[in-house]
Amino acid sequence: MWKPGSSSLQNNFLARYVSLPNQNKIWTVTVSPELRDRTPLVMVHGFGGGVGLWILNMDSLSARRTLHTFDLLGFGRSSRPAFPRDPEGAEDEFVTSIETWRETMGIPSMILLGHSLGGFLATSYSIKYPERVKHLILVDPWGFPLRPTDPSEIRAPPTWVKAVASVLGRSNPLAVLRVAGPWGPGLVQRFRPDFKRKFADFFEDDTISEYIYHCNAQNPSGETAFKSMMESFGWARRPMLERIHLIRKDVPITMIYGANTWIDTSTGKKVKLQRPDSYVRDMEIEGASHHVYADQPHIFNAVVEEICDSVD
């Protein structure tokens, strides 16, 4: 299985398992560990992802500070424990694993960036541990809006989401990949040809399809937890818009959306209304869909660097 850094990272990096006190292991990649003068940037991937999907961002974003990224508990190469079956319990398990990882790593505070499900979890983390977060960066975050009662208000997810959802019915969202066995990477390639295009500068072959497949071909742990947290693919059972006001007032938030995403981008405005006395900035990146960091990596990296520089 491809490991980030095998041929890709220019900066110094360290890739290893970080063992938590409860025996779970979190696969972690630290880039530029020697740059200790500034607040580190910690990046949390989305559903079905892993550290490898940040490959177009790692070098740029670690030019002046340490960058840490890890596979969420239950995803990628990290441990795959049984999660609580209720939405609150599953969410707490994710958040506690992030905090325990931070403690084990000895990171006093961080700029916390989360994409999609990672954005949801980074927000939940910031409600519980605001003193650890210097700036919260949410990239196309999942799970914010309340599910509309009027079906006409629902923004359509892309065809591949609908196709996978129809194949799966009640089973776990990625079960089809596991059932496909050796044909799995081809299935990723068929449903998500855009991934191959996004990473074309780095890989001329099917590396990225293979990587996504192997991230998701194992025992479905984080995926089962995600399933218990959602109502149907786009909606959270415990929407974050109902709780965002609980983050301490002095934690600044920047929300970055792809202009062509299927996620509801009006959420940024709603967060501003919920936090009238706090710093909230929302922006859209043209020419990007849900995977903003891979669709427009140069613009994305410049925006995130500017936010990081505003911290220190």
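Start by selecting residues 222-229, which form helix α9. In this predicted model, 7 of the 8 residues of α9 are buried, so the helix is largely enclosed by the rest of the structure. To see which ones, colour G222, E223, T224, A225, F226, S228 and M229: these are the buried residues of α9. Buried here means under 20% relative accessible area.

Next, select helix α2, residues 87-105, together with helix α3, residues 117-128. Two packed helices are described by the angle between their axes and the distance between the axes. For α2 and α3 the angle is about 70°, and the axes lie 9 Å apart. That angle makes α2 roughly perpendicular to α3, because angles of 65 to 115 degrees count as such.

Now show the side chains where these two helices meet. On the α2 side, pick E91, D92, F94, V95, T96, I98, E99 and R102. On the α3 side, pick F120, L121, S124, Y125 and K128. Coloured by residue class, the contact of α2 with α3 divides into 6 nonpolar, 2 polar and 5 charged residues.

Finally, zoom out and select the whole protein chain. The chain holds 12 helices and 8 strands. Of its 312 residues, 59% are buried.

Taking contacts between residues at least 6 apart in sequence, 74% join residues at least 24 apart.

Technical notes. Residues are numbered from 1 along each chain as its sequence is written. This is a predicted model: local features need pLDDT of at least 70, side-chain atom pairs count only at pLDDT 80 or more; totals for chains, interfaces and linings use all residues. Side-chain values use heavy atoms; hydrogens and water are left out. Buried means under 20% relative accessible area, exposed over 50%, partly exposed in between (1.4 Å probe, protein chains only). Helices (H or I, at least four residues) and strands (E, at least two) are DSSP runs, numbered from the N terminus. Axes are lines fitted to C-alpha atoms, for helices over the stretch in contact, and angles run from 0 to 180 degrees between N-to-C directions. Angles under 35 degrees count as roughly parallel, over 145 as roughly antiparallel, 65 to 115 as roughly perpendicular and the rest as oblique. Contact means heavy atoms within 4.5 Å. Ala, Val, Leu, Ile, Met, Phe, Trp, Tyr, Cys and Pro count as nonpolar, Asp, Glu, Lys and Arg as charged, and the others, Gly among them, as polar.
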